Amino acid sequence: MKNKSLISISDYSVDEIMEVLELAKEFEKNPSQRIAESKVIASLFFEPSTRTMMSFESAANRLGARVIGFNEVSSTSVSKGESLSDTIKTVSLYSDLIVIRHHIEGAARFASEVSKVPVINAGDGANQHPTQCMLDLFSILRTQNTLDNLDIVLVGDLKFGRTVHSLVKAMTNFNTTFHLVSPVELKLPSAVKMFIKNRKLKYYQYTSMEEAIKKADIVYMTRIQRERFSDPLEYERVKNSYTLSKNLLVDVKPNMKILHPLPRVNEISEDVDNTPQAYYFDQALNGVYVRQALISKILGLK
Ligand code: CP
């Protein structure tokens, strides 16, 4: 895995993903391991972020690495018209690893092709979010003690949800049964559904979540993402399609846990936060351990 960019979750084999998750367990037990003191990590966020950006920075700091970068494009030469190619070529001279979030699908892949150092995709438009996928897998493993033979209910924006696209691809390796809950306009794209069909796995589509969540080992809630809609009226029509509230958690499986990549708007009521099923803030914490593991592997430190 040394020097290997991570742009799509499919770039890493199942064995490589499992290696990262195993190492993340080690960082969970002992997060402060200053094994990257000589390293510089560039954090380039062309799109807003709280968790991904800060958990990468937290992971880098706990490893003793230094972080350079930006989260305001207006403060960089991009605002003067510099190309992504020139920006990446330059930043790769100053760092050992680049973490990039960009609103254009394919921007991270392009960055990895012009960079002298490995690149991690921290989310490219509606396409992929592979490190979120790894922390989602870690969270599923932590809560279910296995990744195999689970029923996963994915709810919300399955069309534009990059975390959903990455997770579905990854879970097709583990004999998952998928329950896809979305408004008709926001169904899982055919290209992602093809991964399920190619593995001959079962999937069911719904427009309401009540029936589906009773079958779930994992309920993966997602936000309807205003920023992905070109027509604001269309967003207004679907924005409140789903709200998971405490009263819907009767008759669920005893092992069922609720994940959400966050941020949430109103798709999970706050009355769910203190239920035994709520796991989304633990999930956000897992992001630090998983990113510590990934950085260590790519930099050849573990
Ligand atoms: N899960 C996630 O990508 O959150 P942020 O947008 O806050 O990074």
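## Ligand site and cavity

By class, two nonpolar, five polar and two charged residues make up the shell around the ligand. The model is predicted. The shell consists of S49, T50, R51, T52, R101, H129, Q132, P261 and L262. Domain 1 (9-128 + 287-298) and domain 2 (130-284) each supply residues to this shell, so the ligand lies between the two domains. The space that the ligand takes is the largest pocket.

| Residue | Protein atom | Ligand atom | Distance |
|---|---|---|---|
| S49 | side-chain N or O | oxygen | 2.6 Å |
| R51 | backbone N or O | oxygen | 3.0 Å |
| P261 | polar backbone atom | nitrogen | 2.8 Å |

The ligand on its own has 250 Å² of accessible area, and the protein covers 91% of that.

One cavity of 30 Å³ or more is found. The volume of the largest cavity is about 60 Å³. Its lining is formed by R51, T52, Q132, L135, H260, P261, L262, Y280, Q283, A284 and R291. Residues that occur both in the ligand shell and in this lining include R51, T52, Q132, P261 and L262.

Definitions and conventions
Residues are numbered from 1 along each chain as its sequence is written. This is a predicted model: local features need pLDDT of at least 70, side-chain atom pairs count only at pLDDT 80 or more; totals for chains, interfaces and linings use all residues. Side-chain values use heavy atoms; hydrogens and water are left out. A residue is near a molecule or strand if one of its heavy atoms lies within 4 Å of it. A polar contact is a pair of N or O atoms within 3.5 Å; within protein, one must be able to donate a hydrogen and the other to accept it, and residues adjacent in sequence count only if both atoms are side-chain atoms. Accessible areas come from the Shrake-Rupley method with a 1.4 Å probe; for residues, only the protein chains shown count as cover. On a 1 Å grid over the protein atoms alone, a cavity is a set of points where a 1.4 Å probe fits but cannot get out, and a pocket is an open set with protein on both sides within 12 Å along at least five of seven lines; lining residues have an atom within 4 Å of a point. A molecule sits in a cavity or pocket if more than half of its atoms lie within 2 Å of its grid points. Ala, Val, Leu, Ile, Met, Phe, Trp, Tyr, Cys and Pro count as nonpolar, Asp, Glu, Lys and Arg as charged, and the others, Gly among them, as polar. Domain bounds come from an automatic or database domain assignment. Grid points are joined across faces, edges and corners, and a volume is the space filled by probe spheres set on the points.
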